[in-house]
Amino acid sequence: MAIRSATINIMERAARKAARGLVRDFGEVEQLQVSKKGPSDFVSTADFKAEQILRTELKKSRPEFGLLMEESGEERGDGRHRFIVDPLDGTANFLHGIPHFAISIGLERDGEIVAGVILEPIKDELYWTEKGVGAYVNDHRLRVSARDKLPECLIGTGIPFHGYGEHDAFFSTFAAVMPEVAGIRRMGTASLDLAYIAAGRFDGFWEFGLKPWDIAAGVLLVREAGGYVSEIDGGTSVFKSGNVLATNDKLHKPLGDILRKAHGSIRRPKSA
Ligand code: IPD
Ligand code: CA
């Protein structure tokens, strides 16, 4: 059985505490679906409450560490360590009563992600990883899939939506990948998309414009499970552009080639 370090235990404890509130609120959301106003205000509050619990718990154990949180932004710490937190990844699923969402916490040290936890509370799957230690779900070690033939591969993606993302860029890549693979899935929770690659459920994944809190834990999880993560154009600044290509160890070039050909060279934001 894998031994979890003190750091992982702290991150797990914080995630489990926040998850208890989210699961309770998720039960309420199902009741609220029928009202005309819908549950969106309620969900924003659930998201915010989860973030506050995570903040309190992480700060209690590691007061000197900085924080980057989806809702409340950056909080400076010792300048070396930072927790990168998505309190509710898969908000649209949660809002619509779809039981596929997660809490994601990555730990950055000196600019590099060194540990991560992704908790999927409904299935009670705790994905966790530490640099050099491997990737795990609960107590099982994870390894990316061995599939190398695209027509047998299941690929995850993220689809832009109202007011968000480059719709044309997505269409061109989607049209190119679709006829080559066994299927494409849009599950709606990027942290879990990456966890599913680590677990060998997905063989590859691409999405444009993800944020650091969507991917901090998942990127390390995939790498520690033997997979590859880069920008879609092959670059290494995934946390800057958010254009993510993650695959098992066989598909990185073939899937990347299809995406790059479809989209031309992906333009990076000026800051990258
Ligand atoms: C979203 C999810 C989704 C991805 C979006 C993210 P949120 O995060 O991870 O899968 O496609 O780009 O913004 O808003 O649910 O925390
Ligand atoms: Ca997110």
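Contact here means heavy atoms within 4.5 Å. Domain bounds come from an automatic or database domain assignment. The protein is divided into domain 1 (6-141) and domain 2 (150-264). Across the divide, 35 residues of domain 1 are in contact with 21 residues of domain 2. The domain centres, taken over C-alpha atoms, are separated by 21 Å.

This is a predicted model: local features need pLDDT of at least 70, side-chain atom pairs count only at pLDDT 80 or more, and totals for chains, interfaces and linings use all residues. Residues are numbered from 1 along each chain as its sequence is written, chains are lettered from A and ligands numbered from 1 in the order in which they are written, and side-chain values use heavy atoms, with hydrogens and water left out.

**Sheets and strands**

Helices (H or I, at least four residues) and strands (E, at least two) are DSSP runs, numbered from the N terminus. Two strands pair if DSSP finds at least two bridges between them. Strands of a sheet pair through backbone hydrogen bonds, either parallel or antiparallel.

An open sheet of eight strands runs in the order β2-β1-β3-β4-β5-β6-β7-β8, with mixed pairing. Its edge strands are β2 (73-75) and β8 (140-141), and each pairs on one side only.

Strand β13 (residues 244-247) pairs with β11 and with β12.

| Strand pair | Sense | Bridges | Residues standing opposite |
|---|---|---|---|
| β4 (residues 102-109) and β5 (residues 112-120) | antiparallel | seven | Leu-107 and Ala-115 |
| β11 (residues 204-207) and β13 | antiparallel | four | Phe-205 and Ala-246 |
| β12 (residues 228-231) and β13 | antiparallel | four | Glu-231 and Val-244 |

In a regular strand the side chains alternate between the two faces of the sheet. Both faces of β13 are covered. Val-244 and Ala-246 are buried on one side, Leu-245 and Thr-247 on the other. Buried means under 20% relative accessible area, exposed over 50%, partly exposed in between (1.4 Å probe, protein chains only).

**The largest pocket**

Rolling a probe the size of a water molecule over the atoms shows where empty space is left. The search uses a 1 Å grid over the protein atoms alone; a pocket is an open set of points where a 1.4 Å probe fits, with protein on both sides within 12 Å along at least five of seven lines, and lining residues have an atom within 4 Å of a point. Grid points are joined across faces, edges and corners, and a volume is the space filled by probe spheres set on the points.

The largest pocket has a volume of about 530 Å³. Its lining counts 22 residues, and Asp-89, Gly-90, Thr-91, Phe-161 and Gly-188 are the closest to its centre. Each domain supplies at least three lining residues. β3 (81-89), α3 (91-95), α5 (190-198) and α6 (212-224) each give at least two. α3 gives the most, with four residues.

By class, the lining has eight nonpolar, six polar and eight charged residues. Ala, Val, Leu, Ile, Met, Phe, Trp, Tyr, Cys and Pro count as nonpolar, Asp, Glu, Lys and Arg as charged, and the others, Gly among them, as polar.

**Two residues**

Phe-170 lies in helix α4 (residues 167-177). Phe-170 counts as buried because its relative accessibility is 5%. Leaving out residues up to four places away in sequence, Phe-170 touches Thr-157, Gly-158, Ile-159, Pro-160, Trp-206 and Phe-208.

Arg-143 is found in the loop between β8 and β9 (154-157). With that sequence exclusion, up to four places away, Arg-143 touches Ala-198, Ala-199, Gly-200, Ala-225, Gly-226 and Asp-249.
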